[in-house]
Structure formats: C-alpha cells, structure tokens
Amino acid sequence: ALREEIGVLKGELDEVATVRQEETEVQEEWRQAEAALQSLAQNEWASAQTETEELAAELGKVELSCEEIAGNVKTARLEVANLEHELKITVAAAEAVRDSCD
C-alpha cells in the first residue's frame, strides 16, 4: 500500500512538474507577445511622428507659397495702380493736344 501511495505521489509530482513547465512556457510566450506588441507600438509611434513631421513640412511649404502669392498679388495691384496713373496722364495729355488743335 505504501508503494502504491508513493507511486500516486510520484504521479502527482510529475503532474505538478508538467503544469509548472507549461506555466513557464506560457509566461515566456506572454513576455514575447508583450515585447512584440511594445515593438509594434514603438514602430507605429515613430511612423506617426515621421508622418506628422512630413505634413508639417508640407504645411510650411504651402504657407510660404501662400505668402509668395500674396506678395505677387500686392505687386500686381501696385503695377495696375501705376498703369492706371500713367493712363490718366496719357489721356490728359491727349485731351490737351486735342483741345489745342480745336
């Protein structure tokens, strides 16, 4: 009976050892999964940061382009005002010539 009891206890010890081994394997798989998830999260974060920087650079280019366009519009307005002034002078001179010919 004692041998039988010892055999049962050895069987239970084997089961405990198996469960502990399985637990160790599961813990290792869990650590690997956590590491993979952390790595993925870091990669996604880095990718998002890079994309944000690229978008900020594009926005900067658009802002510069808008400033350039605004400068061109201002220059064009000044040129139109100058041409209008010159045209008024030319018309006045033409009217003066016309009036002197009458």
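E58 and K61 sit three residues apart in helix α1, about one helical turn from each other. Helices here are DSSP runs (H or I, at least four residues), numbered from the N terminus, while strands are E runs of at least two. The two residues form a salt bridge, with their closest N and O atoms 3.5 Å apart. A salt bridge means a side-chain nitrogen of Lys or Arg within 4 Å of a carboxyl oxygen of Asp or Glu.

This is a predicted model: local features need pLDDT of at least 70, side-chain atom pairs count only at pLDDT 80 or more, and totals for chains, interfaces and linings use all residues. Residues are numbered from 1 along each chain as its sequence is written, and side-chain values use heavy atoms, leaving out hydrogens and water.

The structure holds three salt bridges.

| Salt bridge | Closest N and O atoms |
|---|---|
| R31 with E28 | 2.8 Å |
| E58 with K61 | 3.5 Å |
| D99 with R98 | 3.4 Å |

R31 and E28 both lie in helix α1 (residues 2-101). They are three residues apart, about one turn of the helix.

Now for exposure. Relative accessible area under 20% is buried, over 50% is exposed, and in between is partly exposed (1.4 Å probe, protein chains only). R31 is partly exposed at 45%, and E28 is partly exposed at 35%. D99 is partly exposed at 47%, and R98 is partly exposed at 48%.

What about the cysteines? C66 is partly exposed at 46%, whereas C101 is exposed at 62%. A disulfide needs a pair of cysteine sulfur atoms within 2.5 Å. The count is zero disulfides.
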